Amino acid sequence: MRKDYNTKKLDKIERAATFIYLNKTCFNGLYRVNSKGEFNVPFGKYRNPAIFDEENLLVASKLLKHANLYSDDFSKVLYCANKDDFVYFDPPYYPLNKTSSFTNYTAERFLEDEQKRLSIVFRELDKKKCKVMLSNSDTEFIKNLYKDYRIEVVKANRAISCVGDKRGPINELVILNY
């Protein structure tokens with residue numbers, strides 16, 4: 001299924017169904033790609049995964065009917081967002097330390113320069129009077145980038161870690177312009 005998904009020869013319906021299957025059967029529902037841009041999450045260990053949750057899919061479909069979803073460089077939002085639009089960013093989080101270096105979900109890295117560029121886009125959306133929310137790691141670097149905005153510290157459970165006892169609540173930042 002993963003090989004089929006990566007070949008991109010599936011039609012839209014088959015691709016969506018394959019994505020749901022992979023998401024529900026791979027490790028902790030993680031989405032990640034390798035340097036070639038191929039989905040590469042290992043298999044999960046599930047006895048009876050809820051692959052087809054019809055009620056949940058119908059609710060999500062109804063909620064998303066009037067939404068516009070984009071898959072592109074985050075800066076492209078500047079060309080389509082308008083006053084009073086809500087924009088949420090969930091970038092690869094800035095590393096908490098030198099050993100927590102997972103900074104990409106795609107073939108490209110997301111390091112300091114990308115974080116700075118994202119903060120510029122955040123500010124531009126603010127100028128356009130959009131409502132903007134961003135989540136990221138609780139680090140001084142991120143706090144400094146968004147020091148002019150409302151910053152909330154929240155506890156977020158971690159379900160993904162190679163060390164089981166490190167899966168648990170951790171501080172995260174939610175940055176808002178409203």
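Predicted model: local features only at pLDDT ≥ 70, side-chain atom pairs only at ≥ 80, totals over all residues.
User: Thanks! What pattern does the chain follow along the sequence?

Analyst: Reading along the sequence, you find α-α-α-β-α-β-α-β-β. A residue is buried under 20% relative accessible area, exposed over 50% and partly exposed in between, using a 1.4 Å probe and protein chains only. A contact means heavy atoms within 4.5 Å. Buried residues make up 28% of the 178 residues. Of the contacts with a separation of 6 or more, 58% come from residues 24 or more positions apart.

User: How should I read a helix, and which residues of helix 4 are buried?

Analyst: The general idea is that an α-helix has 3.6 residues a turn, so residues three or four places apart point the same way. In helix 4, the buried residues are Q115, L118, S119, V121, F122 and L125. They cover an arc of only 160° around the axis (the arc of the directions from the helix axis to the C-beta atoms), so they sit on the same side of helix 4. The other side of helix 4 has D113, I120 and K127 exposed.

User: What do the buried residues of helix 4 pack against?

Analyst: Their packing partners are strand 1, strand 2, helix 5 (140-145) and strand 4 (169-176). Take Q115, a residue of helix 4, which is buried at 0% relative accessibility. Leaving aside neighbours within four places in sequence, Q115 is in contact with P92, Y93, Y94, F110, N136, F141, I142, L145 and Y146.

User: What span should helix 4 have?

Analyst: The expected span is 1.5 Å times one less than the number of residues. The 16 residues of helix 4 should span 22 Å, and the end C-alpha atoms are 23 Å apart, which agrees. Just after helix 4, K129 takes a positive phi of about 70°.

User: And strands? Which face of strand 1 is covered and which uncovered?

Analyst: In a regular strand the side chains alternate between the two faces of the sheet. For strand 1, V87 and F89 form the covered face, while F86 and Y88 form the uncovered one. Two strands pair if DSSP finds at least two bridges between them. Strand 1 and strand 2 run parallel and are joined by 4 bridges, with V132 in strand 2 as the bridge partner of V87.

User: How many salt bridges are there?

Analyst: Side chains of opposite charge can pair when their charged atoms come close. A salt bridge here is a side-chain nitrogen of Lys or Arg within 4 Å of a carboxyl oxygen of Asp or Glu, and the count comes to 7. One of them joins K131 and D84, with the closest N and O atoms 3.8 Å apart. K131 lies in strand 2 (residues 131-137) and D84 in the loop between helix 3 (54-64) and strand 1 (86-89), so this pair ties together parts 47 residues apart in sequence. K131 is partly exposed at 36%.

User: Where do K127 and E124 lie?

Analyst: Both are in helix 4 (residues 112-127), 3 residues apart, about one turn of the helix. K127 is exposed at 61%, whereas E124 is partly exposed at 32%. Elsewhere, D138 and K143 form a salt bridge at 3.1 Å, and D138, E140 and K143 are linked in a network of salt bridges.

User: How many disulfides does the structure hold?

Analyst: A disulfide is a covalent bond between the sulfur atoms of two cysteines. The criterion is a pair of cysteine sulfur atoms within 2.5 Å, and the structure holds 0. For C80, the closest cysteine sulfur is in C130, 9.0 Å away, too far for a bond. C80 is partly exposed at 31%, while C26 is buried at 1%.

Technical notes. Residues numbered from 1 in each chain as written. Heavy atoms only, no water. Helix = DSSP H or I, 4+ residues; strand = E, 2+ residues; numbered from the N terminus.
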